[in-house]
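Welcome! Here is a short tour for anyone meeting this structure for the first time.

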Amino acid sequence: MTADVPKPTIEHGEEFWLTYMRSYHRIFSELPPYQRMVDVAASALAKTDNILDSAAGSGVLAKRLLQAGKHVTVLDKYEGVLELLRTHIHGHGDRSIVAQADANEPLPFASEQFGGVASLLALPFMDNPDMYLDEHIRVLQSGGTMVVSGPSTDVRKVTITASRWFMELRNAGVTERQDFDADWEVLLTSIAKTLAEGKIFHWFTVAEVEEMLMKKGMAIVQSTPNPLYYGYGYLVEARKQ
Ligand SMILES: C[S@@+](CC[C@H](N)C(=O)[O-])C[C@H]1O[C@@H](n2cnc3c(N)ncnc32)[C@H](O)[C@@H]1O
């Protein structure tokens, strides 16, 4: 019987992402483990310039790179998300290009155009992670650095992770904010929807991401579990040979 009932799917369209990214920004930009993930990515990219930040979201990494004097191209699929991002990078150097594009399609950039490529918390949402990585490697110069991060592979850890996030936010005084409860609910609901019925959602381990990148001719420089998830997920730095 149940086999005949079609499963509802969560459409990760613009409305979903814009609602999610507004609350996500107000919480994650104050969350120490998220900042640690951004720190690792920014330091991996410290020796590069002309960086593509793919699926850039609210622009925390882009702002950090601009503040470090980098030229940054930010790409996201949704114009509403890019509007939000513009408000966060505004005034942090006139060295950004904002590109609206679907990262599931061939990227609108020349081969070897970028000295660095960042893809934070984006790979799981792509239709075809393999093609996504191929395209991001194509636009990266030889010798250039790529940073790829993603979430935990173990759904059961999410509840534990969220309670640790909450404690860190409480210690930082963020939970006292008037709008915190609403943002927290949006954040958790969005994550839960994604986990429960994500239309397309790819889980990888550190080892699987390393293997995919190495098969594509990338050299692994360093890899760690993702600090955002306290030891789960992945944060991999690789170099194009
Ligand atoms: C979880 S957020 C990560 C944002 C940012 N990289 C960060 O680490 O905070 C995922 C982002 O991917 C974007 N996105 C989803 N599908 C996309 C696609 N097909 N092409 C480009 N961006 C996409 C969403 O709009 C959202 O901003």
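## About the model

This is a predicted model, in which local features need pLDDT of at least 70, side-chain atom pairs count only at pLDDT 80 or more, and totals for chains, interfaces and linings use all residues. Residue numbers start from 1 along each chain, as its sequence is written.

Helices (H or I, at least four residues) and strands (E, at least two) are DSSP runs, numbered from the N terminus.

Let's begin with strand β7, residues 232–240. Seven of its nine residues are buried, so β7 is largely enclosed by the rest of the structure. Here, buried means 20 or more other C-beta atoms within 10 Å of a residue's own, exposed means 12 or fewer, and partly exposed lies in between, with C-beta atoms placed from the backbone.

Strands pair if DSSP finds at least two bridges between them. β7 pairs with β5 in the antiparallel sense over six bridges, and valine 147 stands opposite glutamate 237 of β7. Strand β6 (residues 218–226) also pairs with β7 in the antiparallel sense, over seven bridges; there, methionine 218 has lysine 240 as its bridge partner. The hairpin of β6 and β7 has five residues between the strands, and tyrosine 230 takes a positive phi near 55 degrees.

Leucine 140 belongs to strand β5, residues 140–150. Because 26 other C-beta atoms lie within 10 Å, leucine 140 is buried. Beyond four places in sequence, its contacts (C-beta atoms, placed from the backbone, within 7 Å) are Glu112, Phe114, Val117, Met146 and Lys240.

In helix α5 (residues 129–138), the buried residues are Pro129, Tyr132, Leu133, Glu135 and His136. They fall within an arc of 165 degrees seen down the axis, so they line one face of α5; the arc is that of the directions from the helix axis to the C-beta atoms. Their cover includes β1 (51–54), β4 (114–120), β5 and α8 (206–215).

## The ligand shell

Which residues come nearest the ligand? Of the 17 around it, they are Ala55, Gly57, Lys77, Ala103 and Leu120, where near means a C-beta atom, placed from the backbone, within 6 Å. The shell divides into twelve nonpolar, two polar and three charged residues. Ala, Val, Leu, Ile, Met, Phe, Trp, Tyr, Cys and Pro count as nonpolar, Asp, Glu, Lys and Arg as charged, and the others, Gly among them, as polar.

## An exposed helix residue

Glutamine 67 is found in helix α3, residues 60–67. Glutamine 67 counts as exposed because it has 12 C-beta neighbours inside 10 Å.

How values were computed:
Two residues are in contact if their C-beta atoms, placed from the backbone, lie within 7 Å.
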